[in-house]
Amino acid sequence: MSERGVAIVSFLAPASEYAVISGNQMTLSSLLQAVLEQPDVVAAAIYDREGSLLAVSGRPRIVNRDEVTNTKSATKLFVSEDRAGFAAPVESAPMFVDDWLEPHLRGAPRAPVESIGWVYVELDTMTLSNNKRDIVLSTVIVLFIGLGLAGVLASRLAGAVNAPLAGLVGAVRRIAGGDLDVRVGEDASSDELRALQLGFNSMANSISQAQKTLQMRIDEATEQLAHQATHDPLTGLPNRRAFEQALEEAIAQSRRAGDRGTLCFIDLDRFKIVNDTCGHAAGDELLQQIARLIRQRVRAEDLICRIGGDEFALILHDCRPEDALRLAESLREAVATFRFTWEGRRFSVGASIGLVRIDGRTSSAADLLVAADLACYSAKKGGRNRVVEYQPDASGGRRKTDIILNNDPPLSGGIPYGRLSLHQQKIVTLGRADVPEWIEILLRTRGADDEIASPKELLASIEPSDKLLELDLWVAEQVCFALSRRAGSSMPTLRFSLNLSAASITQASRYWTRMESLLQTTGMPADRLVVEFRTSIAEQAPDECAQFVREARRVGASIALEKLDGASIGLLRSLRPDYVKISLKTLVESYGLEAGCNLAQALCGMADALDIPTVASEVEDELLRDALHNYGFQHAQGRLISPTEPLPD
C-alpha cells in the first residue's frame with residue numbers, strides 16, 4: 001500500500017506542473033479525474049506554492065494542511081483503519097543542456113529546484129486489507145488442509161509427504177513476502193498432494209495476473225496523463241506547452257549545429273463567422289478539419305501545433321527559405337480552397353501566415369514569437385489570406401514599421417466617411433448600342449496624399465457588423481441623391497448596381513425598409529436598382545439570402561450574383577438571380593487559361609439555359625475581351641471595357 005501510494009503521488013506531481021503554473025481548472029480536473037479512476041484512490045487534491053487549494057476531487061480526510069506543504073519528497077503522511085494519505089511536492093526546475101561541445105560547462109552548478117505546489121492522494125485501505133485478509137485466509141485454509149492431510153497420511157507416507165508440504169509452506173511464505181511468481185512442482189506421489197499443488201499454482205496464477213492487470217492500468221493512465229499534458233484535446237495536435245519546448249530546442253539546435261528552420265504563425269480568417277452563425281460545435285469541427293488538412297501537407301519532421309483558439313504554429317526543421325515560402329503558400333492555398341459544410345451551409349475560410357527564420361542569430365523564443373506575430377498581423381491588415389515574411393533590419397533589430405501596414409484600431413466607434421469616395425464603372429451590353437446605360441458603384445478610400453485605394457482593408461477593420469449595414473445604406477443614399485440630381489431625359493432609364501456586404505443580406509428587413517424610403521424620397525425607380533452580392537455569402541447563409549431575394553422582388557429591384565464558379569452553380573436554380581457575374585480573371589488564375597475559358601463558356605451555357613444573362617467582370621486581357629461574345633456573355637465590364645471614374649456630384 002505504501003509503495004503504491006508513493007508511486008501514484010510521484011507520478012502525479014510532475015504531471016501537475018503545467019496545470020499548477022497555469023491554474024487551468026479544466027486541466028486540474030482532468031488530472032484529478034484520471035487519478036480517481038485508479039483502484040482504491042478515494043480522494044485527491046492539488047495545492048499551489050502558498051498552500052492554497054487549487055483543485056480537489058473526493059473527500060480527503062487530512063486535517064492539517066501543513067503536513068502536506070512541509071513534504072520535501074513523495075512520502076506517506078498517515079495510515080488509519082480505512083485510509084492512507086500520501087503527498088509529494090510539485091517541483092519546477094529549469095532546463096539544463098549539457099553541451100558536449102563546451103566541456104568547461106560540464107559540472108557547472110544547476111539552479112535549485114523550486115517547489116511550486118503539492119499533490120495529495122488518499123487510498124482506501126479497507127479494500128486492500130480485506131483482499132489481504134482473504135488471501136491470508138485462503139492461504140491459511142490451504143495450509144491447514146495441507147497440514148490435515150499431512151497428519152492423516154503422516155503415519156502411512158511420512159517420507160513421501162514431507163517434501164511436497166515443505167515446498168508448499170515455502171511457497172506460501174514467499175507469496176507473503178511479495179514474490180507473486182512462485183510456483184510449486186506438481187509431482188507429489190499421492191493424488192491428494194498433487195491436487196493441493198495444482199490448487200496452489202492456480203491461486204498463485206490468479207494473484208499474479210491480477211497484479212499485472214493493475215500495473216497495466218496504471219501504465220495506461222500514466223501514458224494518457226502524459227499525452228494530455230502536451231496535446232490539445234480537440235485536434236490531437238501538440239499544445240502550446242509542447243510548442244514552446246520544441247521552439248527552444250529548435251533555437252538551440254540552430255546555434256549548435258547551424259540548422260536553419262522556419263517558424264510559421266497561422267491565424268484563420270473568417271473563423272468567427274462560423275462560430276457566430278452555427279455555434280461552437282461547428283467551430284470545433286472546422287478546427288479539427290483544418291488541423292487534418294494542415295497535418296497532411298507538412299513533412300514528417302515538421303511540427304504543427306495548436307496554440308490558441310484559431311491559431312496554429314508550424315516549426316519547419318532544416319528547411320531552405322524558398323522551400324519554407326513555397327510550403328507556407330501551399331498551406332494558404334489549401335485552406336483558401338477548402339469549403340466547410342455545416343447543416344446545409346457552406347463556408348470558406350482563409351489563413352494569414354507570418355514567417356520568421358530560425359537561425360543562429362535568433363536571440364530568444366520570445367523574440368521569435370513576437371516577430372512571427374507581427375508578420376501574421378501584417379498579413380491580416382494587408383487584406384488577409386496571404387503569407388508575409390518578417391524581415392529584420394540590418395542591425396538585427398525589429399522593423400515594426402516595415403511589417404505593420406496599418407496600426408489603426410478596429411473602427412468600432414464609427415466609419416471615417418471623410419476618407420470615402422464613390423466611383424462608377426460602366427457595364428456594357430455586347431453587340432448592342434441602343435440599351436440604357438448601366439453603371440456599377442464602387443467604394444474607394446482616400447489616403448493622406450489623396451491616393452485612391454481599395455476599401456478592402458477598411459471593410460476588414462469595421463466592427464461590429466451593424467456598421468457594415470450602415471455603410472451600405474450610406475453608399476445607397478449618396479448614389480440615389482447624386483443620380484437624382486442629374487439633369488436630362490436619360491436619368492429615368494439609368495440602371496445602377498450596388499455591392500452589398502453580408503450584414504445587409506442577413507438583415508434584409510432593415511435594409512429594404514430603409515431602401516424603400518430612400519427610393520421614394522429621391523424619386524429613383526426601383527426597377528433601375530441592381531443589388532450585387534458574392535456567391536460565398538449565399539453559400540454561408542442560404543436561408544437569409546433567399547429571404548433577401550424575396551424582399552428585393554417585392555420592392556422591384558434586380559439581383560446580381562458575383563463570382564460564380566463551378567462549385568456554386570446550384571445557386572442559379574435556388575436563387576434565380578436576374579444576372580450572374582463571372583470573373584474570367586479569377587477562373588484563368590485558378591484553373592489556367594484553357595480550363596478557365598472552358599469553364600466560363602460552360603457557366604454561360606448553364607445560365608443561358610435558365611434564361612439568366614451573364615456579365616464578364618474584371619476584363620483586363622485583350623485576347624479574352626475579343627472572345628467574350630463567343631463564350632456566351634451578354635454584358636462585360638472591366639478596365640479594358642470602361643475605366644473607373646469618380647461618380648459626379
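The model is predicted. The mean pLDDT is 82, and 86% of the residues reach 70 or more. Strand E19, residues 558-562, has the highest mean pLDDT among the elements, at 95. Helix H12, residues 400-403, has the lowest, at 37. Over residues 394-413 the pLDDT is below 50. That stretch still has 38 contacts in the model beyond near neighbours in sequence.

Start with a sheet. Strands of a sheet pair through backbone hydrogen bonds, either parallel or antiparallel. Here five strands form an open sheet, and the pairing is antiparallel. Read across, the order is E2-E1-E5-E4-E3. Strand E2 (53-58) and strand E3 (75-79) are the edges, and each pairs on one side only. On average, neighbouring strands are turned by 15° against each other, direction ignored.

Look inside this sheet at strand E1, residues 41-48. Seven bridges join E1 to strand E5, residues 114-124, and the two run antiparallel. Ala45 stands opposite Tyr120 in E5. Val79 stands opposite Ala84 in E4. E3 and E4 form a hairpin, with three residues between them.

Helix H3, residues 25-36, lies across E1, E2 and E5. H3 runs at about 150° to E1.

Next comes another open sheet of five strands, with the order E7-E8-E6-E11-E12. Its pairing is mixed. Neighbouring strands here are turned by 20° against each other on average, direction ignored.

Follow strand E11, residues 350-358. E11 and E12 pair in the parallel sense over three bridges. The bridge partner of Leu355 is Glu389 in E12. Helix H11, residues 365-381, lies across strand E6 (261-269), E11 and E12. The angle of H11 to E11 is about 145°.

Strand E9 (residues 339-342) and strand E10 (residues 345-348) run antiparallel, joined by four bridges. Arg339 has Ser348 in E10 as its bridge partner. Two residues lie between the strands of this hairpin. In the turn, Glu343 has a positive phi of about 50°.

Now turn to the helix pairs. Two packed helices are described by the angle between their axes and the distance between the axes. Take helix H8 (residues 271-278) and helix H9 (residues 280-295). They pack at an angle of about 145°, with axes 6 Å apart. H8 brings Phe271, Val274, Asn275 and Cys278 to the contact. H9 brings His280, Ala282, Gly283, Leu286 and Leu287. By class, the contact of H8 with H9 has six nonpolar, three polar and no charged residues.

Helix H16 (residues 508-522) and helix H18 (residues 542-555) make another pair. Their axes are 10 Å apart, and the packing angle is about 20°. Angles under 35 degrees count as roughly parallel, so H16 and H18 are roughly parallel to each other. The crossing is right-handed. In H16, the contact residues are Ala508, Tyr511, Trp512, Glu516 and Leu519. They meet Gln547, Phe548, Glu551, Ala552, Arg554 and Val555 in H18. What classes of residue make up the contact of H16 with H18? Seven are nonpolar, one is polar and three are charged.

The last pair is helix H20 (residues 584-591) and helix H21 (residues 593-609). Their axes come within 7 Å and cross at roughly 135°. H20 and H21 are therefore oblique to each other. H20 passes H21 in a right-handed crossing. On the H20 side, the contact is made by Leu584, Leu587, Val588 and Tyr591. On the H21 side stand Leu593, Ala595, Gly596, Cys597, Leu599, Ala600 and Leu603. This contact has ten nonpolar residues, one polar and no charged ones.

Notes
Residues numbered from 1 in each chain as written. Predicted model: local features only at pLDDT ≥ 70, side-chain atom pairs only at ≥ 80, totals over all residues. Heavy atoms only, no water. Pairing = 2+ DSSP bridges. Axes fitted to C-alpha atoms, helices over the stretch in contact; angles between N-to-C directions. Parallel < 35°, antiparallel > 145°, perpendicular 65-115°, else oblique. Left-handed = near helix turned anticlockwise from the far one by under 90°. Contact = heavy atoms within 4.5 Å. Nonpolar A, V, L, I, M, F, W, Y, C, P; charged D, E, K, R; others polar. pLDDT = per-residue confidence, 0-100.
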